[in-house]
Amino acid sequence: MFVPKRYVFEKRALDYPIGQKLYKQLTKEKKNVIVLKSSRAVLEKMTSIEEKFHYGKETLIFGVKSSKKFITCRPSAHYQIPLVTGCMGRCEYCYLNTQLGDKPYIRTYVNIEEILDKAKKYIDEREEMTIFEGAATSDPLPVEPYTHGLEKVIRFFASEPLGRFRFVTKYHNVEPLLNIDHKNHTDIRFSLNSDYVINQYEHYTSRLNQRLEAAKKIGDSGYQLGFLIAPVFLYEGWEESYQKLIDKLNQTFKDFKDKITFEVISHRYTIKAKKRIQDVFPQTKLPMEEESRKFKYGQFGYGKYIYKPEDIDRIKSFFSKYLSNMAFQTEIKYII
Ligand code: SF4
C-alpha cells in the first residue's frame with residue numbers, strides 16, 4: 001500500500017462521496033492533507049527535475065477524471081481505462097519517467113462510477129468483445145486501499161458479457177481482490193524480473209517472492225493469470241539469474257492446473273528517456289550504451305535502441321526453451 005508524505009485533494013474531488021470520506025478520514029488521522037484548485041500547483045515551486053520527480057513520487061492526489069474519450073490501447077486492448085495516473089514505484093527504466101514528464105505524482109480518481117459509465121457506452125456501441133487496460137499509465141494496485149477502484153472495476157466487468165478488463169502490477173496487496181465474483185472477465189498479470197534486476201533498478205516495488213505469492217493467490221482465485229518478464233537485461237550471469245526466476249516459478253506453480261500466459265520484453269530505450277533517467281537518477285547504472293544496441297524506428301515515429309539481433313536471439317532461445325517446458329501449462333504470447 002502506498003503511504004505518501006502528502007495527500008492532495010483537488011477541490012472538485014470533495015464533491016464526490018469517496019473524496020469526502022477520504023478527506024474526513026485522513027484529516028482525522030492527522031495526515032498531511034492539502035486542498036488545491038488544481039493538481040498542477042503541486043510542483044509549482046520546485047525547479048530541478050530530480051527534486052520534482054522525488055517530491056511527486058511522495059504525493060498522492062485525489063482528482064476527478066473528466067476525459068470525454070478513452071485513449072486507444074492497441075494491440076493489447078481496445079481502450080485504456082483511466083483509474084490512476086503515475087506510480088509510487090521508482091523503477092529506473094520505467095516509461096512513465098518520460099511519459100508523465102513533469103507530472104510524476106500519483107493521481108487517482110474519485111469518480112470511478114462516471115468512468116465506468118463511459119466504459120459501458122463503449123461496450124454498448126461496439127456490440128462486440130471490448131478489452132480495457134487498467135495499467136497503461138500507472139500501477140493501480142498500491143492505491144487500491146484508498147479508492148477501491150480495481151474492486152469496483154472487476155465487479156463491473158463481471159456483469160458485462162462483452163467487456164474484459166486487464167492490468168499488470170509489480171505489487172502484492174491483492175487480498176481485497178481475492179473473493180470477488182469476477183466471472184473470469186479480468187486478466188491479472190504480474191511483472192517479474194530476476195532478483196538482480198529488481199534489487200538494482202526497481203525501487204519501492206514488491207520483491208520477487210512477494211509478487212509470486214500474490215500471483216499464486218490470484219491464480220487460485222480463478223483469475224486468468226499471466227506474467228510479464230520485462231525488461232530483460234543482458235548482464236554478466238544473466239542466464240543463471242533468470243534461471244533462478246524460472247525455478248521459483250516452477251516451484252510456486254507446480255500444482256497449478258490452469259494455463260499461465262507469458263510475455264517477455266527485452267530492454268529498450270529512447271534518447272529522450274535516457275536523458276530523463278540520467279536527470280532523475282544521476283547515479284544510474286542502467287545499461288544504455290548506443291554502441292551495444294541497434295537503432296530501430298518504432299510504430300509511433302520515434303526511434304529506440306534495442307538489443308542487437310544476435311542478443312535478441314539469445315534472449316528468445318533462452319526463454320522459449322524454458323517457458324515451453326515448465327512444470328505447468330503455459331502460453332508464450334511473445335518474446336521480443
Ligand atoms: S512499478 Fe511499473 S509503473 Fe511503477 S515505476 Fe515501476 S515500472 Fe513504472
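Visitor: Which residues is Asn250 in contact with, leaving aside its neighbours within four places in sequence?
Guide: This is a predicted model, and Asn250 is found in its helix α9, residues 238-253. Once neighbours within four places in sequence are set aside, the contacts of Asn250 are Met326, Ala327 and Phe328.

Visitor: Does Asn250 count as buried or exposed, and at what relative accessibility?
Guide: The cut-off for buried is under 20% relative accessible area. Asn250 has 19% relative accessibility, so this residue of the model counts as buried.

Visitor: In what order do the strands of the open sheet stand, and which of them are at the edges?
Guide: The open sheet has 5 strands with mixed pairing, in the order β2-β1-β3-β7-β5. Two of these strands have a single partner strand each, so one side of each is left without a neighbour in the sheet. The strands at the edges are β2 (33-36) and β5 (84-85).

Visitor: In what sense do β3 and β7 pair, and which residue of β7 is the bridge partner of Phe62?
Guide: Strand β3 covers residues 59-63 and strand β7 covers residues 106-109. Their pairing is in the parallel sense, over 4 bridges. In β7, the residue bridged to Phe62 is Thr108.

Visitor: What handedness has the β-α-β unit made by β1, helix α1 and β2?
Guide: Strand β1, residues 6-10, runs parallel to β2 and is joined to it by 4 bridges. Across this pair, Phe9 stands opposite Val35 of β2. With helix α1 (residues 17-28), the two strands make a β-α-β unit that is right-handed.

Visitor: Where does Lys30 lie, and does Lys30 count as buried or exposed?
Guide: Lys30 lies in the loop between α1 and β2. Its phi is near 60 degrees, a positive value in a residue other than glycine. Exposed means over 50% relative accessible area; Lys30 is at 74% and therefore counts as exposed.

Visitor: What is the phi of Asn184, and how is its accessibility classed?
Guide: Asn184 is located in the loop between β9 (163-169) and β10 (186-192). Although Asn184 is not a glycine, its phi is positive, at about 60 degrees. Its relative accessibility is 46%, so the class of Asn184 is partly exposed.

Visitor: How do the residues of the shell around the ligand divide into nonpolar, polar and charged?
Guide: The residues around the ligand are Cys87, Gly89, Cys91, Cys94, Leu96, Lys170, Tyr171 and Thr205. By class, this shell divides into 5 nonpolar, 2 polar and 1 charged.

Technical notes: Residues numbered from 1 in each chain as written. Predicted model: local features only at pLDDT ≥ 70, side-chain atom pairs only at ≥ 80, totals over all residues. Heavy atoms only, no water. Pairing = 2+ DSSP bridges. Right-handed = clockwise from strand over helix to strand, strands pointing away. Near = heavy atom within 4 Å. Nonpolar A, V, L, I, M, F, W, Y, C, P; charged D, E, K, R; others polar. Buried < 20%, exposed > 50% of the residue type's maximum accessible area, 1.4 Å probe, protein only. Contact = heavy atoms within 4.5 Å.
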